[in-house]
Every structure is written in C-alpha cells, then in structure tokens.
Amino acid sequence: MLTKKQLDLLEFIHKRVQRDGVPPSFDEMKLALDLRSKSGIHRLITALEERGFIRRLAHRARAIEIVKLPESLGGEPSTGFTPRVIDGDRPDSTPAAAQPVEIHAIELPVMGRIAAGVPIAAISEVSHNVAVPGQMLSGSGHHYALEVKGDSMIDAGINDGDVVVIRETSTADNGDIVVALVEDQEATLKRFFRRGNAIALEAANPAYETRVLPDDKVKVQGRLVGLIRTY
C-alpha cells in the first residue's frame, strides 16, 4: 500500500518516462510534489524502491527504472497467486485431496507504543502478544513488536496504529529504520544515519525535522524487519 505522496511521485515519474524517455530530475520531482527540500524526494524514492515499484541503477544520472505500477496507475492486479500448470492427459484415477498448507506463526510480545513523531516514554512493559508469520522474522535473535504512535514515518509506509516487528540489536547501518533510545528516556522510530561523532534520526515525513544528537546520547534498541496492519 502506497501513501498519497508515494503514489503521486510514481505517477509523475511514469508520465515523464513515457513522454521524454528519461525520468525527471530530483528538482523537478520536488517542484511537482510541492515539497520544501529534496530530502523528502529521497525518502519517497527509497520507499518506492523498498516496495519494488522502482529500481535505481548505479553510476548513471537520473537512473530510475519503473519495475511495476499499482492498479490505480494501470498496473496488473496483484492476486498473490501463481498457477501451477502440469502437462499431460487427465489421470484415470481421482487424485488424493490436497493437503492444507501449514502457516507457521510465532507469538511476539507487544512492548507498548513507539513514537513515530515526538518521542514518548521509553518502552519497558509487555501490553499483549501478537501472532506474526515466522517468515517475517529475520534470522536468529530476539524479536518483539511495538504499536506505532504518530505520522512521522508515513512516507516509509508506516502509519499511526500499525504494529512494527523489531529484531533486537544494538547496531545499525545507515538508512536502517530503528528503535532509538534517546538519553535513556525517550524511544522513537526513525531512520538511522551516522555523521561523524553524531547520530541523525531522520523522519520519513517532510513535516518533521531531522534530529542530530551526540552518538553517546542515542542507543539502538532494534531494527525494523516487518509490519502488521489491521483494516
């Protein structure tokens, strides 16, 4: 599911590629979406790439390739079903009944709410459990879940009320979405960037400013590996 800004940007890129044969520049994208800075465009591009709608090609200017389009822009409907075709004549005997597919689910503790906006109190208590598909968990290690409060990560597809699945870790790479503990008191969900001896906690919403803090004031508590949304 794309946010309105992500959909608007994808549509603008698609139309320009069809018209000119090349995607628009970041400045043109910024003007078309009426954003204040190109950093908002970078976040939207990253979100579209993570969702498989576009692909960025290295070492080329304006190297953005559209991989697929949502149904609202004329793309093929996503059914989630791939038919299996078997060649041959109809068998004489009736085949055995198909066996149900077993879905492996794991119960994770929901550790309260995490702010995607202004940081809230640090999380420390389990409020309830939630069942998540085992395939969502990334490798080994302890996992937990948090309910999102706020809208600062909407351009990354994370909305208020979503439940995020977190793999517990104390390290992160630039661009990872992490649970960050600020000054041992406040927890927030943001993109992580290291800038020398400082840590930048970047929102995925141009309405929020990036927070830059000394690296000893920020502790990574985990990295985002999945998301659960209830409609």
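Predicted model: local features only at pLDDT ≥ 70, side-chain atom pairs only at ≥ 80, totals over all residues.

The dialogue below goes from the overall fold to single residues.

Student: How many helices and strands does the chain have?

Tutor: Helices (H or I, at least four residues) and strands (E, at least two) are DSSP runs, numbered from the N terminus. On that basis the chain has 3 helices and 12 strands.

Student: What share of the residues counts as buried?

Tutor: Buried means under 20% relative accessible area, exposed over 50%, and partly exposed in between, with a 1.4 Å probe and protein chains only. Of the 231 residues in the chain, 39% are buried.

Student: What share of the contacts joins residues at least 24 apart?

Tutor: A contact requires heavy atoms within 4.5 Å. Taking contacts in the chain between residues at least 6 apart in sequence, 58% join residues at least 24 apart.

Student: How many salt bridges are there?

Tutor: Side chains of opposite charge can pair when their charged atoms come close. The criterion is a side-chain nitrogen of Lys or Arg within 4 Å of a carboxyl oxygen of Asp or Glu. The count here is 7 salt bridges.

Student: Where do Asp8 and Lys4 lie?

Tutor: Both are in helix α1 (residues 4-20), 4 residues apart, which is about one turn of the helix. Asp8 counts as partly exposed because its relative accessibility is 26%, while Lys4 is exposed, with a relative accessible area of 63%.

Student: Which residue forms a salt bridge with Arg16?

Tutor: The partner of Arg16 is Glu28, with the closest N and O atoms 3.4 Å apart. Arg16 belongs to helix α1 and Glu28 to helix α2 (residues 26-33), so the pair ties together parts that are 12 residues apart in sequence. Arg16 counts as buried at 14% relative accessibility, and Glu28 as partly exposed at 27%.

Student: Which parts of the chain does the pair of Glu202 and Arg43 link?

Tutor: Glu202 and Arg43 form a salt bridge whose closest N and O atoms are 3.7 Å apart. This pair links distant parts of the chain, with Glu202 in strand β10 (residues 198-202) and Arg43 in helix α3 (residues 38-50), 159 residues apart. Both residues are buried.

Student: Which side chain of opposite charge is nearest to Asp176?

Tutor: Asp176 is buried yet has no salt bridge, and the nearest side chain of opposite charge is Arg223, 4.2 Å away. Asp176 is found in the loop between β7 (163-167) and β8 (177-182). Leaving aside residues up to four places away in sequence, Asp176 touches Lys190, Arg191, Phe192 and Arg223.

Student: Which residue lies over the face of Phe53?

Tutor: A charge sits over a ring if NZ of Lys or CZ of Arg is within 6 Å of the ring centre and within 35 degrees of the ring normal. Lys68 lies over the face of Phe53, at 4.9 Å from the ring centre.

Student: Where is Arg55 found?

Tutor: Arg55 is in strand β1 (residues 54-56). At 38% relative accessibility, Arg55 is partly exposed. The C-alpha atoms of Arg55 and Lys68 are separated by 9.7 Å, with the two residues 13 apart along the chain.

Student: What is the phi of Asp34?

Tutor: Most residues other than glycine have a negative phi. Asp34 is not a glycine, although its phi is positive, at about 60 degrees. Asp34 is found in the loop between α2 and α3, and is exposed, with a relative accessible area of 68%.

Note on methods: Residues numbered from 1 in each chain as written. Heavy atoms only, no water. Lys, Arg positive; Asp, Glu negative; His and termini not counted.
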